[in-house]
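Biologist: I'd like to learn how to read a few side-chain features here. Can you walk me through them?

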Amino acid sequence: MTDAFILGLSTGLYCVSTCFPLILPYTLAASSEKHKNFKIFISFLSGRLAGYIAVGMILGALGAFSSSYLDPHTSIQLKRISYPIAGVVLLAGGLKLSMPELKICKLYSRFYKSDINALLLGLITGLSLCPPFFAAAARVFGEQSTLGGALYFFIFYLGTSIWFLPLLGVPAIKRVVKPIQLISRTAMILIGIYYLVFMGILGAF
């Protein structure tokens, strides 16, 4: 299982490049309190872990047969489903934080939980079939074991998660760069629209 950790560590930079546009504005736009930022951080990583374990179990159970079901076309279809959800989460959160006086934002505030939304974003990214994910899946095909597949993806997840540790420094960034929350909330709205409209709705055609 050492190769699972090394694979995660070596491909983690790619994971960061695809996940940070989702989670970084989210954490920067949220509360500056350290414990809340840590809660968001843990929720996001927990969501990713849930996604990794779920896929690892499925691929491990399918074994060698998985290769006929996991292909680039499957990846595209999953992204068309997951990206609009991520877009809605970011857009709704950005509007709620930027314009809390709007009636729709006041209504949404009753259901808005920053850590729950972070968990959802983590789950979405954890289910994303990116190149590192395919590399890990190729090694799980031979496991033909639900437990073995889950264990492999868990260790792979640990390797990739090291690259996300800089997110713990977000509160310090907020203290140094005062307008960062306003900028990040605007970024959440713009990125949310991009994922919802261009990656989701228009991407389906």
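**Reading side chains, one at a time**

Modeller: Let's begin with Asn37, which is buried at a relative accessible area of 2%. Keep in mind that this is a predicted model.

Biologist: Where is Asn37 found, and which residues is Asn37 in contact with, leaving aside its neighbours within four places in sequence?

Modeller: Asn37 is found in helix H2. Leaving aside neighbours within four places in sequence, Asn37 is in contact with Thr27, Leu167, Leu168, Val170 and Pro171. For Leu167 there's a polar detail too: its backbone oxygen lies 3.5 Å from a polar atom of the Asn37 side chain.

Biologist: And charges? How many salt bridges does a search of the whole structure find?

Modeller: The general idea is that side chains of opposite charge can pair when their charged atoms come close. Here, searching the whole structure gives one salt bridge. Asp115 pairs with Lys39, with the closest N and O atoms 3.6 Å apart. Asp115 sits in helix H5 (residues 114-126) and Lys39 in helix H2 (residues 34-62), so the pair ties together parts that are 76 residues apart in sequence.

Biologist: Is Asp115 buried or exposed? And how does Lys39 count?

Modeller: Asp115 is buried, with a relative accessible area of 17%. Lys39 counts as partly exposed, at 48% relative accessibility.

Biologist: Now cysteines. How many disulfides does the search find?

Modeller: The test is whether two cysteine sulfur atoms lie within 2.5 Å. Across the whole structure, the search finds zero disulfides. Take Cys19: the nearest cysteine sulfur belongs to Cys15 and is 6.0 Å away, and Cys19 is in no disulfide. Cys19 is buried at 5% relative accessibility, and Cys15 is buried with a relative accessible area of 1%.

Definitions and conventions:
Residues numbered from 1 in each chain as written. Predicted model: local features only at pLDDT ≥ 70, side-chain atom pairs only at ≥ 80, totals over all residues. Heavy atoms only, no water. Salt bridge = Lys/Arg side-chain N within 4 Å of Asp/Glu carboxyl O. Helix = DSSP H or I, 4+ residues; strand = E, 2+ residues; numbered from the N terminus. Buried < 20%, exposed > 50% of the residue type's maximum accessible area, 1.4 Å probe, protein only. Polar contact = N/O pair within 3.5 Å; in protein donor to acceptor, adjacent residues only side chain to side chain. Contact = heavy atoms within 4.5 Å.
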